[in-house]
Amino acid sequence: MHLRRNFSSSRLVRLLSDAASVDVDASRQDVAEKLGLWLGTLDTLQLHAAHQSIKAFAEEAPAGPRAPTHHPLEEDVQRVRTAMVQAITANGSTQAIETDAGYAPYRQRYLQQQRHIESKIASLRSHVRQVLSRASPRLKQLAYLDTVMDQVIGGREQRLMSTVPVLLEKRFEQLRRAQEDGWHDTFRQEWQEVLLAEMSVRLQPVLGLMEAFSNEVKKSP
């Protein structure tokens, strides 16, 4: 995996900056520098303690027969992702919302979808960690680190994602004031695209774990 230098290259960020007419400057900081701004003293201590614990995993002797590394993990991830996409696209039709109903119904539906995505991905991420923990000491280290990182930055992520419906409301009002033909259909499409982009961002840690698992499988005899 390659850590991208610019957070602004995210499709979600691009969509929101276009929708809300917000300029997003390319950051000159790399991922590690940017992450450092998110961490407080307690977070740093927690990560240090996790690092010490992770060292011990490499020295663990297998307690029994090694769990098979060949696991339909990719199919598991794809199944959950497909279900979420179907739910978003079905909800994104929103034909029942009248053009004069205002933004409130869209906000409510977006928040419902956010909760659905968060729940599904949390369960999937936990499942993937369990598979990795049984596969090898190296992958057990990674699964544990992912757990700690989720605890450390998960709250910050939630606060950032809570601003998405706010930015979408700005776009809704912008289109409504313009009163161009088909503006409501335009907003529905953008609403759906942003939600799909958010889902993709939230899935990144899971995909990273899955990639690490796949690489380990390729190295196995």
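I started with the largest nonpolar core, which has 41 residues, and V128, L132, L168, F187, V194 and F213 touch the most other members. (A nonpolar core here is a set of buried Ala, Val, Leu, Ile, Met, Phe, Trp, Tyr and Cys residues joined through side-chain atoms within 4.5 Å; buried means under 20% relative accessible area, exposed over 50%, partly exposed in between, with a 1.4 Å probe and protein chains only.)

Next I looked up which elements give two or more residues to this core: helix 1 (11-19), helix 4 (73-92), helix 5 (104-135), helix 6 (137-161), helix 7 (164-178) and helix 8 (183-219). Helix 8 gives the largest share, 15 residues. Helices are DSSP runs of H or I, at least four residues, numbered from the N terminus. Another core, of five residues, lies apart from this one and includes A50, V148, M149 and V152.

A note on the source: this is a predicted model, where local features need pLDDT of at least 70 and side-chain atom pairs count only at pLDDT 80 or more, while totals for chains, interfaces and linings use all residues. Residues are numbered from 1 along each chain as its sequence is written, and side-chain values use heavy atoms, with hydrogens and water left out.

Then I went to the rings, and the count is nine aromatic pairs. Rings of Phe, Tyr and Trp (its six-membered ring) pair if their centres lie within 6.5 Å; planes under 30 degrees apart are stacked, over 60 edge-to-face, the rest tilted. Y106 and F187 have ring centres 5.0 Å apart and planes at 80°, so I logged them as edge-to-face. Y106 sits in helix 5 and F187 in helix 8, 81 residues apart. Y106 is buried at 0%, and F187 is buried at 0%.
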